[in-house]
Amino acid sequence: MEQHSRDFLRRADEALAEPERAANRAALGLFMPLLRDQAVEAFDSQAFQGLRDQVEAIRRHSLDNLGHYLEQFIGQARENGNQVHLARDGDELNAIVLDICTQVEAQRVAKGKSMVTEETGLNAALEAADIKVRETDLGEYIIQEAGETPSHIVGPALHKPEAEIRELFLERHDLGERDLDSAAAMVAEARQVLREEFLAADVGVIGSNALIAENGYSMLVTNEGNGDLCANLPKTLIICTSIDRVLPRPEDAMAMLRLLVRSTTGQAVTCYTSFYSGPRREGDIDGPVETHFVLLDNRRTELLASDYREMLQCIRCGACLNHCPVYMSAGGHAYGWVYPGPMGSVLTPLLTSLDEAEALPHACTACGRCEEVCPANIPLPDLLRDLRAEAFAEGISARRWRFGIRLHSWLARHPTLYRQITRIAVRVMHRLGRDRGFIRYLPLAGGWLQARELPSPEGDSFLASYRKEHKS
Ligand code: SF4
């Protein structure tokens, strides 16, 4: 994982230099919020806020009693005939899945979308053991064919314009008589290829949107139905998810579902909502013979005990990404890991290290849109600010930043001097930009002015003008 500040800025620069993809992101930045707004209005905005509060309370309660509900879930899931494994970190999860695949002599795995397995790098671990993995979510399938990583937690291939996908399929597929003149034709093409993969797979791997403690079931929502085919066609099913997905009761999962889908795609409900209970029972006509849950911790218990525990309330809807001006400009790949946008800028430093991901909490304009739309009421801007403060206190931030912040905080505590210095600075800036009306260069602000011009100040600071007006 490349994660230093310069890498984020470099990758963001590269993303901005790709006009077609940048235009694609700009269109999504307008379109996705509109879908959510319409869904909220149709639901009734006041009732929607009530539902947000309810889901926040459910998530808080589940996390406050995580040990209890996890134990209950594991007990119920085992009673239903599942095998349950706990993985401390990504390597352990990969080793457990590989071990299951080896035991059933699997050669092919069909996979549904799972951010947890992206987090652990499961595909590479299986492929290193000569097991063929096929992603079956359309977006995941496209980026797997392209050799890329997801750019969005819900729409992994949202960064790819239609023309790029067509070119990719033309290059990778033996099309024969089939043509790809429309998006529908491309979807049909992927469907045809993927049908064979589902039928040939020995093992299915899927994720989970919620684990239900009361009955030991797992809930999965998709719009393509590929999760159900991964779960029911291969003889062995493995559900990989993280320990924080557990909820007490089925009705809690349903409340979350009503909020999740509207916040994500603006739909009232996803096309497929499935509950997996366990292996096929006597008399069942289909379903897996053997089922496993692999529950990942990967620093989540540490996170639970920290000041950032609210981040675990996240239901992975992607709304904060869709409303973030930085995400929409820089694109998901700039963030350098699995989770992009505001939720990723908080989660990545906490699940990896603040030292490596220090740039991400700064990838924020503090506009507050993410908090406004977050269905779990997570105070994302506050968490980002706290991470910046922590990076400063631990000496992780760049020396020049720490010097600048210390200088500013010292000056702010000496108001007379502060006023004099700002007055001089404003006058100097006024002179610098007087002729053109804007400023192109300022010491220490080279990066900021690289892509924009700073309008020249009118000649006095706000405070000085305010005083003058009040005297007269
Ligand atoms: S932080 Fe909130 S808005 Fe962002 S993905 Fe999580 S639940 Fe959705």
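Contact here means heavy atoms within 4.5 Å. With that in hand, let us tour a predicted model, one close-up at a time.

**Close-up 1. Glu197 and the residues it touches.**
Start in helix H10, which covers residues 183-200 and holds Glu197. Not counting residues up to four places away in sequence, Glu197 touches Arg108, Ala110, Lys132 and Arg134. Is Glu197 buried or exposed? Its relative accessible area is 11%, so Glu197 is buried.

Now find the ligand, which sits in the second largest cavity.

**Close-up 2. The largest nonpolar core.**
This core has 80 residues. Which of them touch the most other members? They are Phe8, Phe73, Phe169, Leu295, Met311, Tyr339 and Met343. Helix H4, residues 66-79, supplies the largest share of this core, with six residues. Another core, of 22 residues, lies apart from the largest one, and its members include Val40, Ala253, Ile315 and Val373.

**Close-up 3. Met311 and its partners.**
Pick out Met311, one of the core members named in the previous view. Leaving aside neighbours within four places in sequence, Met311 is in contact with Met343, Val346, Leu347, Ile378, Leu380 and Leu383.

**Close-up 4. Tyr69 in helix H4.**
Tyr69 is found in helix H4. With a relative accessibility of 12%, Tyr69 counts as buried, because buried means under 20%. Once neighbours within four places in sequence are set aside, the contacts of Tyr69 are His61, Ser62, Ala213, Val246 and Pro248. For a sense of distance, look for Val55: Tyr69 and Val55 are 14 residues apart along the chain, and their C-alpha atoms are separated by 16 Å.

**Close-up 5. Positive phi at Asp130 and Asn298.**
Here are two residues to look at side by side. Asp130 has a phi near 65°, a positive value in a residue other than glycine. Asn298 is not a glycine either, yet its phi is positive, at about 45°. Where does Asp130 lie? Its place is the loop between helix H7 (122-128) and strand E3 (132-135). Asn298 lies in the loop between strand E10 (290-296) and helix H13 (300-304). With a relative accessible area of 70%, Asp130 is exposed, whereas Asn298, at 12%, is buried.

**Close-up 6. Thr365 and Pro325.**
Look in the loop between helix H16 (341-351) and helix H17 (369-373) to find Thr365. Although Thr365 and Pro325 are 40 residues apart in sequence, their C-alpha atoms are 7.8 Å apart in space. Neighbours within four places in sequence aside, Thr365 is in contact with Pro325 and Val326.

**Close-up 7. Ala398 in a loop between two helices.**
Our last stop is Ala398, in the loop between helix H18 (380-393) and helix H19 (399-412). Its relative accessibility is 29%, so Ala398 counts as partly exposed. How many residues separate Ala398 and Ala359 along the chain? The two are 39 residues apart, with 9.9 Å between their C-alpha atoms.

Definitions and conventions. Residues are numbered from 1 along each chain as its sequence is written. This is a predicted model: local features need pLDDT of at least 70, side-chain atom pairs count only at pLDDT 80 or more; totals for chains, interfaces and linings use all residues. Side-chain values use heavy atoms; hydrogens and water are left out. On a 1 Å grid over the protein atoms alone, a cavity is a set of points where a 1.4 Å probe fits but cannot get out, and a pocket is an open set with protein on both sides within 12 Å along at least five of seven lines; lining residues have an atom within 4 Å of a point. A molecule sits in a cavity or pocket if more than half of its atoms lie within 2 Å of its grid points. A nonpolar core is a set of buried Ala, Val, Leu, Ile, Met, Phe, Trp, Tyr and Cys residues joined through side-chain atoms within 4.5 Å. Buried means under 20% relative accessible area, exposed over 50%, partly exposed in between (1.4 Å probe, protein chains only). Helices (H or I, at least four residues) and strands (E, at least two) are DSSP runs, numbered from the N terminus.
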